[in-house]
Amino acid sequence: MENKILVTRSSMPELDEYMNEITPMWDSHWLTNMGPKHKKLQDNLCEYLGVENIDLLTNGHMALELTLQAMNLQGEVITTPFTFASTTHAIVRNGLTPVFCDIDPETYCMDASKIEKLITDRTCAIMPVHVYGNVCNIEEIERIAHKYELKVIYDAAHTFGESYKGKGIGSFGDVSCFSFHATKVFNINASACVLVIQLSDIPKSPDSCKQLGAKLYELKNFGIHGPEEVPAVGANAKMNEFCAAMGLCNLRHVDEEIAKRKAVVERYRERLEDVEGIQLNCIQNDVKSNYAYFPVVFEERLYGASRAEVFDKLAENGIGARKY
């Protein structure tokens, strides 16, 4: 079908708006390496997210992987099995061992009540994932992290624009990583991302935050410190100016996009909340949602059809649902 309805459609600015944003690049010829668009987007995102420190990278996976590398962790990382493969790959590619904690069936996030029994003398960090825009049990995870002196790295790919108890969701943990993939609420061309560095060490230390930021900058830029100084080995994970320009445009409209998603979610709830045999996504207290996704769980015995059957029937009608 030509007009297939997908899980999400990438939001894009008007073409003229994007062209106006990138036109100065034809004068400057500054296309990469932390140019003026990169710096402006960094500042604008700090303001929008309500955080003090961010860095921009090429994609969400590199944010996770380079964060773990910058922290120089060893041992085991407690995480969730209910996530995109990237979360676990970032752990394994750093020579760390993932330890899977089961999820809360209401929120699909890590069940914080099951974390402590998984902690060993080799545990160095917790990597929870905010799923479908549902927020993890932040207070309990923070309590456990302080008790055992563990780092907390949030995979916040699904939660851009959200807040918890009035604070931006990037304000929690030692680091939060947001994805700007094309499928996300806020996207930048292909898959650029932001990594938010917070002052939440144990004990809290601005100096350690600066050190982590410096290490991440080093890792994303080949370990380069100057024109003739390359004292470390790094990767190439810099966001280019075209991506930054798209980010500047889309950030102006992100609240409008969230409002559109909210309207869709409200219509789904209006039509589906009383249907027997399906479980809709929970509504969390104290969470300002971005309405990123609309998951549905099917109980075949009550609903009369399995998830697979519903998936196939939707596909027949040009609706591209996804299994997660």
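This is a chat about a predicted model of one protein chain.

Colleague: What kind of model is this, and how are residues numbered?
Modeller: The model is predicted, so local features need pLDDT of at least 70 and side-chain atom pairs count only at pLDDT 80 or more, while totals for chains, interfaces and linings use all residues. Residues are numbered from 1 along each chain as its sequence is written, and side-chain values use heavy atoms, with hydrogens and water left out.

Colleague: How many helices and strands are in the chain?
Modeller: The chain has ten helices and 14 strands. Both are DSSP runs numbered from the N terminus: helices are H or I with at least four residues, strands are E with at least two.

Colleague: And how compact is the chain?
Modeller: Its radius of gyration is 21 Å, close to the 20 Å that the globule rule gives for 324 residues, so the chain is as compact as a globular protein of that length. The radius is taken over C-alpha atoms, and the rule is 2.2 Å times the number of residues to the power 0.38. Along its principal axes, the C-alpha trace spans about 70 × 55 × 35 Å.

Colleague: What share of the residues is buried?
Modeller: Buried residues account for 51% of the 324. Buried means under 20% relative accessible area, exposed means over 50%, and partly exposed is in between (1.4 Å probe, protein chains only).

Colleague: Aromatics next. How many aromatic pairs are there?
Modeller: The search of the whole structure finds 15. In the pair Tyr108 and Tyr132, the ring centres are 5.4 Å apart and the planes stand at 80 degrees, so this pair is edge-to-face. The rule is that rings of Phe, Tyr and Trp (its six-membered ring) pair if their centres lie within 6.5 Å; planes under 30 degrees apart count as stacked, over 60 as edge-to-face and the rest as tilted.

Colleague: Where do Tyr108 and Tyr132 lie?
Modeller: Tyr108 is in the loop between β4 (97-100) and β5 (123-127), and Tyr132 is in the loop between β5 and α6 (138-148), so the pair ties together parts that are 24 residues apart in sequence. Both Tyr108 and Tyr132 are buried.

Colleague: What about Phe180 and Phe186?
Modeller: Phe180 and Phe186 also form an edge-to-face pair, 4.7 Å centre to centre with 85 degrees between the planes. Phe180 is buried at 0% relative accessible area, and Phe186 is buried at 1%. Phe180 and Phe186 belong to one aromatic cluster with Tyr48, Phe160 and Phe178.

Colleague: Which residue lies over the face of Phe311?
Modeller: Lys323 does, at 4.7 Å from the ring centre. A charge sits over a ring if NZ of Lys or CZ of Arg is within 6 Å of the ring centre and within 35 degrees of the ring normal.

Colleague: Switching to salt bridges. How many are there?
Modeller: The count is 19 salt bridges. A salt bridge here is a side-chain nitrogen of Lys or Arg within 4 Å of a carboxyl oxygen of Asp or Glu. One of them joins Lys114 and Asp102 at 4.0 Å, N to O. Lys114 and Asp102 both lie in the loop between β4 and β5, so the pair ties together parts that are twelve residues apart in sequence.

Colleague: Which residue does Glu139 meet in a salt bridge?
Modeller: Glu139 meets Lys165, at 2.9 Å, N to O. Glu139 is in helix α6 and Lys165 in the loop between β7 (163-164) and β8 (167-168), so the pair links distant parts of the chain, 26 residues apart.

Colleague: How far apart are Lys215 and Glu218 in helix α7?
Modeller: They are three residues apart, which means about one helical turn separates them. Lys215 and Glu218 form a salt bridge whose closest N and O atoms are 2.9 Å apart. Lys215 is partly exposed at 31%, whereas Glu218 is buried at 10%.

Colleague: Last topic, the surface. Which residues form the nonpolar patch?
Modeller: Phe222, Ile224 and Val230 form the patch, with about 250 Å² of accessible area together. Areas come from the Shrake-Rupley method with a 1.4 Å probe, and for residues only the protein chains shown count as cover. Patch residues have over 30% relative accessible area and no salt bridge; like charges are joined within 9 Å, nonpolar side chains (Val, Leu, Ile, Met, Phe, Trp, Tyr) within 5 Å.

Colleague: Where is Val230 found?
Modeller: Val230 is in the loop between α7 (206-220) and α8 (241-272), and its 52% relative accessibility makes Val230 exposed.
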